[in-house]
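Please look through the structure shown below before reading the notes that follow. They are arranged by topic, so that each part of the picture can be checked against what is on the screen.

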Amino acid sequence: MFGPAENFITTKVNDALGWARKFSIFQYPFVTACCGMEYMATNCSHYDQDRFGAGFPRFSPRQSDVLFVVGTISHKMAPVLKMVFDQMCEPKWVVAFGVCTCTGGFYDNYSTVMGIDTIIPVDIYIPGCPPRPENVLDGLIKLQDKIQKGEQSTTLYDPRTKIGRPAELQADYSIERHIKHIESA
Amino acid sequence: MSLLEKLQGKFAADIIETHAFRGDETAVVRPAALKAVAKFLKDSPEMDFNFLMDLTAVDYLFFAGGRVQKECRFEMVYHFFSLKHNHRIRIKVPVDEKNPEVDTLSDLWPGADWYEREVWDMFGIKFRGHPNLKRILMYEEFQGHALRKDYPFNKRQPLIGPVN
């Protein structure tokens, strides 16, 4: 009955929704480690995340749109992170802030989760130890693009198939190889 | 008269060996005498060690040529400091692998409570008389003790998510 005109209206409504959402990001800062300092620097007046409409941290997952996971996540903390993510209302996005949350970083031990994308789907990866504020703002702008398009990540990373994580973040490194390298030297 | 000489005068039979390096004095004490030595260090006015600075353990499993051999795989290390006299001493206690257990010091220094829980968590050394000896860093589901040298470095025990 409506045809192309209906599509035109829905598309325009989605555009408007995306535009509204990307400039009113209510974030939940899940800050566990040293990256938190850089997160605070980004949020303060010198770099001013509020220019992008993302200056308002809500310390309740139910009121937030974007989960900022800032800092190393241990196996003990992992169920808490998953619960916080599950408590957020749709639509929701996840930012992995710092290399520990992206891949586990330089940790390869009994206590650390090797990338939060094994537990919750991640939209934007901001590697760095810690990332510079400029880097964070770059990630934020990329996130805004994603929100504008209405895209959301739903897949988890599978360490066996290596699917679900950007190739740049899949370094060919293992501690076994490192130890062999030391022993052969 | 140095601290070690005073200690040796009182507990000659219980001290395995002593050494001192540039004022850092160390005494290796038999496990059975730990409580008595600690009490003496804390309560006697000339010692008056009112501050337990550190308490940890060492696993000598792969320590080639070490003094601690297979029958005593672990060693407890205590660092004491006296705020009054401004002196410090280190006490070491060898701990058997078959029955890794020593007396708690949490009744003398309340600060020992969490340190001892950490040593139990990471090394699996039990503390006789500890009021609440359970894991402090790892979760209850964790199997084994992570800082033991025979704990596989690549062993993962995630609560949720894949093993990786």
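Which residues are exposed on the other side of helix 5 of chain A? In this predicted model, they are A:Glu134, A:Asp145 and A:Lys149.

**Helix 5 of chain A**

- Helix 5 of chain A covers residues 133-149, and its 17 residues reach 24 Å from the first C-alpha to the last, which is close to the 24 Å expected at 1.5 Å a residue.
- The buried residues in helix 5 of chain A are A:Val136, A:Gly139, A:Leu140, A:Leu143, A:Gln144 and A:Ile147.
- As a general rule, an α-helix has 3.6 residues a turn, so residues three or four places apart point the same way.
- The cover over the buried residues of helix 5 of chain A includes helix 1 (4-22) and helix 2 (35-43), together with strand 3 (66-70), strand 4 (93-97) and strand 5 (124-126), of chain A.
- Just after helix 5 of chain A comes A:Gly150, which takes a positive phi of about 75°.

**Chain A as a whole**

- Chain A contains 6 helices and 5 strands, and from the N terminus on these elements follow the order α-β-α-β-β-α-β-α-β-α-α.
- Of the 185 residues in chain A, 34% are buried.
- Helix 1 of chain A has 19 residues and reaches 27 Å from its first C-alpha to its last, yet this helix is hardly covered, with a count of 1 for its buried residues.
- Among the contacts in chain A with a separation of 6 or more, 79% are between residues 24 or more positions apart.

**The sheet of chain B**

- In chain B, 5 strands form an open sheet in the order 1-2-5-4-3, with mixed pairing.
- The edge strands of chain B are strand 1 (15-21) and strand 3 (51-59), each of which pairs on one side only.
- Strand 2 (residues 24-29) and strand 5 (residues 87-95) of chain B pair in the parallel sense over 3 bridges, and B:Val28 has B:Lys92 in strand 5 of chain B as its bridge partner.
- Helix 1 (residues 3-10) of chain B lies across strand 1, strand 2 and strand 5 of chain B, and runs at about 170° to strand 1 of chain B.

**Where the chains meet**

- Contacts between the chains involve 14 residues of chain B and 14 residues of chain A.
- The side of chain B that touches chain A has 8 nonpolar, 4 polar and 2 charged residues.

Methods: Residues are numbered from 1 along each chain as its sequence is written. Chains are lettered from A and ligands numbered from 1 in the order in which they are written. This is a predicted model: local features need pLDDT of at least 70, side-chain atom pairs count only at pLDDT 80 or more; totals for chains, interfaces and linings use all residues. Two residues are in contact if their C-beta atoms, placed from the backbone, lie within 7 Å. Ala, Val, Leu, Ile, Met, Phe, Trp, Tyr, Cys and Pro count as nonpolar, Asp, Glu, Lys and Arg as charged, and the others, Gly among them, as polar. Helices (H or I, at least four residues) and strands (E, at least two) are DSSP runs, numbered from the N terminus. A residue is buried if 20 or more other C-beta atoms lie within 10 Å of its own, exposed if 12 or fewer, and partly exposed in between; C-beta atoms are placed from the backbone. The expected span of a helix is 1.5 Å times one less than its number of residues. Two strands pair if DSSP finds at least two bridges between them. Axes are lines fitted to C-alpha atoms, for helices over the stretch in contact, and angles run from 0 to 180 degrees between N-to-C directions.
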